[in-house]
Every structure is written in structure tokens, then in C-alpha cells.
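I opened my notebook to look up a few things in this structure. My entries follow in the order I made them.

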Amino acid sequence: MKDDRKSITIELEGRKIKVPEGLTVIEALWDTGHDVKRGVGCLSGLCGACTVAYLAKESKKVKFGLGCQKVVEEGLNVIMMPYFPSRVAHYLLERMETPLEQLQDIYPELYTCNDCMACNICPEWINVAGVMKAAKGADYETATEHIMDCIMCGLCASRCPKGIAPQNVALFIQRALAKERTFPPNLQQRIAEIESFQFGAEWEKIAAMGNEALEAHCRQREGA
């Protein structure tokens, strides 16, 4: 079948090639025969596996994004970013009564941050430097509020001159806050019900149902 899409010229992985317009970077790689497996994940802009660096035509500033979301354009110069190794601290959260008090021991490099803002290259537009500043100042609620869209791509860690891995620091803070916060009463009640196997007999009944009986049961529950 003839492809009527207009072709554009881009520089992809150091090579000038023609690709149909309208493709994402990942699709352009596949379209040109690149056997790309590393760096390809959900293809929905959520996992952060396909980070790219790109320079638009006539632009002087390199930008960063996700290969599954960035659409190619005439004159685009783009490369896939390799995985960047960063330190991951080892800890057992269940053994910590107040884990946030141990942040300085677990990620001491956080406190060397000089707010240079080099880490602000997030493809999800997170103010990473602001998150680190809040974490360093023990404003953990603010830190977690701004980091919720983090996809753990590690681009911020690749730029930090102090060797901080902001994505790992933020993940620890999120986990620690979840442990230290008191669960809402309704959630506490539901967890207690699950742990007591209160619904065990009901699940056994459902597991024994055939497709028709299960469909009828679900419809009955929807109408309840």
C-alpha cells in the first residue's frame, strides 16, 4: 500500500534519515529498521524508559522528553538517552519507626545540594530542584506533592554535580510518609476486614461460579 504521508529529514541517533511526518521518535526508529528494545516500555508516557535528548531546527538549546511522546519534525536532531546508573540506598522500612528522621543517614548526599538547578530537565516538567530544596528543609509534604508525576527516568540524576539521585530520594520520602501517616478510619476498617478473612466465604462462592452465573452476580451487584 502506498504511503502518502509527507517525508521529513531528521538526524536520528547521529544519522540523517527521511521518515514519514507524524511519527514519534520511537516509531521513527522502528520505521527505519532500528531494532529498539532497550529504552522501550509502556509507550504511554508513564514509565520513563524512553527518555530522549533533542535539538529542534534553528534552536540552540537541547531539550529532553520521552521518545514515545515526542513527535518528529523537520530538522530535528534526537538521540535516545542511555540508562544512567545512580545510587539506590538499601533500607528496611518496616523496621523504622520514624523513617523520615533517618533520611540524612540514608541519603546524606541530599544535604550537599547547592540548588544549582541542573536537575530541572524533567520530561514531566517537575521542578526537581524545588523538590530537593523542600526535602532538604524537611518540608516533606511539599516534596511529595510535587513529585507525584515522577516516572523514575533518572535524567535529573544524570545532571547533578553532587551525585544526588533525586528520583530515589523522593521515592524514599513517599514511602516514609505513607508509613508515618495514620490511615483514615474507613481504610483501617477495610484492612481489618480483609485481614480477618471476613469475605472468605463470599470469595469461595464467586470462585466456584461459571461465566453465566458470575455475569448475573455482577449485574445484581451493579443494581444493588
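Which residue in β2 does Ser-7 stand opposite? I looked and found Pro-20. I note that the model is a predicted one.

**The hairpin.** I then took in both strands. β1 covers residues 7–12 and β2 covers residues 15–20. They run antiparallel, and six bridges join them. I read the pair as a hairpin with two residues between the strands. I checked the turn as well: Glu-13 has a positive phi there, of about 55°.

**Gln-167.** Next I asked myself: is Gln-167 buried or exposed? I count Gln-167 as buried, because its relative accessible area is 6% and the cut-off for buried is under 20%. I placed this residue in helix α6, residues 166–180. I listed its contacts, leaving aside neighbours within four places in sequence: Ser-86, Cys-150, Met-152, Gly-154, Cys-156 and Ala-157.

**The cores.** I turned to the largest nonpolar core, which has 30 residues. Which of them touch the most other members? I wrote down Leu-103, Tyr-107, Val-128, Met-132, Val-169, Phe-172 and Ile-173. The elements giving two or more residues to this core are α2 (103–106), α3 (128–136), α4 (140–147) and α6. I also found a second, separate core of 27 residues. Among its members are Leu-12, Val-52, Leu-66 and Cys-153.

**Ile-173.** Leaving aside neighbours within four places in sequence, Ile-173 is in contact with Leu-100, Leu-103, Ala-135, Tyr-140 and Thr-144.

Methods:
Residues numbered from 1 in each chain as written. Predicted model: local features only at pLDDT ≥ 70, side-chain atom pairs only at ≥ 80, totals over all residues. Heavy atoms only, no water. Helix = DSSP H or I, 4+ residues; strand = E, 2+ residues; numbered from the N terminus. Buried < 20%, exposed > 50% of the residue type's maximum accessible area, 1.4 Å probe, protein only. Contact = heavy atoms within 4.5 Å. Pairing = 2+ DSSP bridges. Core = buried A, V, L, I, M, F, W, Y, C linked by side-chain atoms within 4.5 Å.
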